[in-house]
Amino acid sequence: MMTSASLRALLAASVSVTAFALAAPALAQTATADTEVGEVLVTAQKRSENINDVPLAVTAVSGEKLDAIRSSGGDIRVFSARVPSLTLESSFGRTFPRPYIRGLGNTDFDLNASQPVSFVYDEVVMETPVLKGFPLFDIDQVEVLKGPQGTLFGRNTPAGVLKFDSAKPTQTFEGYAQGSYATYDTINLEGAVSGPIIEGVLAGRLSALYQRRSDWVDNLRGGDKNDSEGYKQFAIRGQLLWTPTENLDALLNLHYQHLNGTPRVFRANIIQKGTNNFVPGFKRDEISQDAQSRAVQKIESSGANLKITYDFGEGMPELTSVTAYERVDAYSRGDIDGGFGASFAPPFGPGFIPFPAESADGIPFHRQFTQELRLAGNNGPLGYTVGAYYFNESIKIDSFDYNTLGGGALQGYAYQNQKSESWALFANVDYDVSEQLNIGGGIRYSDDKKDFLAQRTRSPFGAPRTAILRANPDTSEVSFNLNATYAASDTLNLYARVSRGYRAPSIQGRLVFGDTLSIADKETVMSYEAGIKGKVPEARLRYDAAVFYYDANDLQITAVGGGANFNRLLNADKAVGYGFEFNAELEPVDRLLITAGLSYNNTEIKDSALFTQPCGGGCTVLDPAGPIAGTVRIDGNSLPNAPKWIANVTAGYSWPMGEGELFVFTDWAYRSKVNFFLYQSAEFNDSKLLEGGLRLGYRAPEARWEVAAFGRNITNDKSLEGGIDFNNLTGFVNDPRILGVEVKTKF
């Protein structure tokens, strides 16, 4: 239950955002603009709608903001803190993002980790975390849907959905090409060509991306200059749109990517004991490691999907089928202790290294097949969507442990095999009670089954081979949502939403360092949300705000590392979260466009019986002792990687020059303190992150071409993004300042 303080905070937020809505029309009285901010269309309910008519919190990112935050060749993590209540981090690298929405996420680094935030690319769910890192290029729009989203998007969406829509084939010939060069020999080449193949019947679009960054981190231990943090990545997407009649269209999407680089660099003892400060003399471009020469990361994925749409005619429903197949191969090996040597095999460093750690994980086999059928239409005041969904996935994971002091020889091996099958039936309706009031709701029945087995065949400690361990969780669940939207005026909507979502059971089987499987039961989340969405045409202002409260039961959490160096899945009896979010887009004068976002999130684990093992790397633990020696209680702690505050702002301005225009665009993102693990310590957290971007250039008439200089993290903010806690005070950090130039042409 909410405390009185929590209730007061939530009520205060409600009053604040409501006051803004009521005051917004008054802002228009001082404005002299004769245009308005453009309409934003989203597909959060699997149909195209004005964002202000959708009864849930959703943020759309497109246009100049999307181009700017991607300009340094960044991966999906560039969206972190650039949308209210959204953060992303990774201890793996460019292709394994760990997302968190309103504090709900998963710190698990296993390659079959279950996450409560779903990634949907062109209407296809990407379940395995490595698939979620498919690079972004030729993208129309990104939508962030706050959860739960179980009714229309199914299982594993209690926190929400990140939805990516690529640009589609066109019936007119067009395209673009762009290239940039930046710090550390960062190269980003991207382009697309689109147009008719058979006039009015068949159109196609071919898009491609090439990204490269040279190694830029020096390894002082080996004397190697420019030894780490480089990558080469290539991706391509081909689409064919077949429209044989006015009622039928079929869109085929084929895509492929390949990544060759180094994994996330872990840096030994970069945190001052007793604080979360960097040690004196820390340099982002220097490490001292004895296993870095063997570090490698290779990812290859491909997929195909076919979307068929048939319109039965005026007043009749539309039938949509989405069939998809995905596969991925992956291998990543790195220096996990982040240093060299060991206390029993000097010399060692930086700082105290109790033992060496070098490991690898791989996916030698993976296949995912999905099928969705849905029927959607309108019958007078009634709108409806009904459908069925099927998911089938098979994955094998290999885990390796190596003897660093023995030249990297293999000393431990275990494998996991997992097969997942799920099916669901769903329905969603909305009804116009009057011209002002619309009510809606939806329900989804899901059935999930997993067959899992794992075995250790070689132990780094000389332990015997384990038996083949098996787990077969089978569960079903009902998700639902109820909502109402009231049009207080032509420019102001009020909405309320109650929703329930769930995450299917999860299994962890990293047996190299353990002898048992770890299983988390299904979790359920009940969420209550109310908000406003409006616009002030005279002031060229669009805004939305929401307050929310959620109650998660049997929350799946991961005890990562710790003194035992072994991942364990846990179910917290309960966790609660509440807060507010705000978005605005404003054009106060011609040619000046400003966007702003703000969120507050308060999360708390509520389980007096829950305890875990804290760090084994000499950190300063702040939690009370647990019932077993060497453990601590985590009841009352906030969720990992759940900042209370996120704020972001962008501003773009242009002024005529000749027949074209000069333009400048800046974007800033802030997030407050985050804790990296379930337990609290003085070291394993980061106080804040503030990153800014700047883009300045010239754009030709009709945007036929442009040239720009850009910078990312222009103040060179240096922040911890995560830690490794089982060996020493290891951390990993954000990217440094990147400066570059870019040219782009459209045709």
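The model is a predicted one, in which local features need pLDDT of at least 70 and side-chain atom pairs count only at pLDDT 80 or more, while totals for chains, interfaces and linings use all residues. Residues are numbered from 1 along each chain as its sequence is written, and side-chain values use heavy atoms, with hydrogens and water left out.

The secondary structure comes to 3 helices and 45 strands, where helices (H or I, at least four residues) and strands (E, at least two) are DSSP runs numbered from the N terminus. Along the principal axes, the C-alpha atoms fill a box of roughly 75 × 60 × 55 Å. The radius of gyration, taken over C-alpha atoms, can be set against a globule rule of 2.2 Å times the number of residues to the power 0.38; for 747 residues a compact globule would have a value near 27 Å, and the 26 Å of this protein agrees with that. Of the 747 residues, 59% are buried, a word that here means under 20% relative accessible area, with exposed meaning over 50% and partly exposed lying in between (1.4 Å probe, protein chains only). Where residues at least 6 apart in sequence are in contact, 67% of these contacts join residues at least 24 apart, contact being defined as heavy atoms within 4.5 Å.

In soluble globular proteins, nonpolar side chains tend to be buried together. A nonpolar core is counted here as a set of buried Ala, Val, Leu, Ile, Met, Phe, Trp, Tyr and Cys residues joined through side-chain atoms within 4.5 Å. The largest such core has 75 residues, and F79, L162 and F684 are the ones that touch the most other members. Strand β32, residues 541-559, gives the most to this core, with 6 residues. Apart from neighbours within four places in sequence, F79 is in contact with V61, L66, I69, L86, L88, L136 and V142. A second, separate core holds 17 residues, among them V125, L145, F153 and F426.

Rings of Phe, Tyr and Trp (its six-membered ring) pair if their centres lie within 6.5 Å, and planes under 30 degrees apart count as stacked, over 60 as edge-to-face and the rest as tilted. By this rule the count comes to 27 aromatic pairs. One of them is the stacked pair of Y184 and W216, with 4.7 Å from centre to centre and 20° between the planes. Y184 lies in the loop between β10 (174-182) and β11 (186-198), and W216 in the loop between β12 (202-213) and β13 (217-219), so the pair ties together parts that are 32 residues apart in sequence. Y184 counts as partly exposed at 27% relative accessibility, whereas W216, at 6%, counts as buried. F400 and Y402 form another stacked pair, 6.2 Å centre to centre with 15° between the planes, and both of these residues are buried. F119, Y121, F134, F137 and F164 form one aromatic cluster.

The structure holds 1 disulfide, a term for a pair of cysteine sulfur atoms within 2.5 Å. This disulfide joins C615 to C619, with 1.8 Å from S to S, and the link is left-handed, with -90° about the S-S bond. C615 counts as buried at 14% relative accessibility, and C619 counts as buried at 11%.
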